[in-house]
Amino acid sequence: MANINPHINFNGNAEDAFNFYKSVFGGEFSKIMRFKDLESTGIPIAEHEAHKIMHIALPIGNTILMGNDVPEILGQTNENENRSKIVINTESKEEADNIFNGLSVGGQVEMPISDSPWGSYFGMFRDKYGIEWMVEFDAKK
């Protein structure tokens, strides 16, 4: 069976965002690559972008959350558009609460975590980096 791993674009704060995600989920980065690492391939990198993230990966359970900074030459990522939602299915209400409360700090809660009309424990928010998350615990799964 194929795995689906979310990948998010940032405007220069990918490292900060991923350190925040790591503080909530735990674990260690499986990969960090900076744009300066491409210089050896002959691709010119602007000095002010050399330390930005070209690729970062944080394993979370059986999934890998990945991201990067968008180089200025490619334009800016619209942080107010719906880039996508990352769905986290938890194994308990306590885990759902911990993740929801951790990731939503400094963000905007769209739907507080609570018992949902469809029978699960569910909440939705945009984190302080503009990434949209849904957290759910379904005792029937």
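Two strands pair if DSSP finds at least two bridges between them. Strands (E, at least two residues) and helices (H or I, at least four residues) are DSSP runs, numbered from the N terminus. The model is predicted: local features need pLDDT of at least 70, side-chain atom pairs count only at pLDDT 80 or more, and totals for chains, interfaces and linings use all residues. Residues are numbered from 1 along each chain as its sequence is written, and side-chain values use heavy atoms, with hydrogens and water left out.

Let us begin with the sheet. It is open and mixed in its pairing, with four strands in the order S5-S8-S7-S6. Strands S5 and S6 form its edges, each pairing on one side only. From one strand to the next, the twist averages 10 degrees. S6 pairs with S7 in the antiparallel sense over five bridges, and Asp115 stands opposite Tyr121 in S7.

| S5 (edge) | 85–89 |
| S6 (edge) | 108–115 |

Now the helices. H1 (residues 14–25) and H2 (residues 93–103) pack at an angle of about 155 degrees, with their axes 9 Å apart; axes are lines fitted to C-alpha atoms, for helices over the stretch in contact, and angles run from 0 to 180 degrees between N-to-C directions. H1 is therefore roughly antiparallel to H2 (the word applies to angles over 145 degrees). Which residues of H1 and H2 make the contact (heavy atoms within 4.5 Å)? H1 contributes Phe20, Tyr21, Val24 and Phe25, while H2 brings Ile99, Gly102 and Leu103.

Methods. Parallel < 35°, antiparallel > 145°, perpendicular 65-115°, else oblique. Contact = heavy atoms within 4.5 Å.
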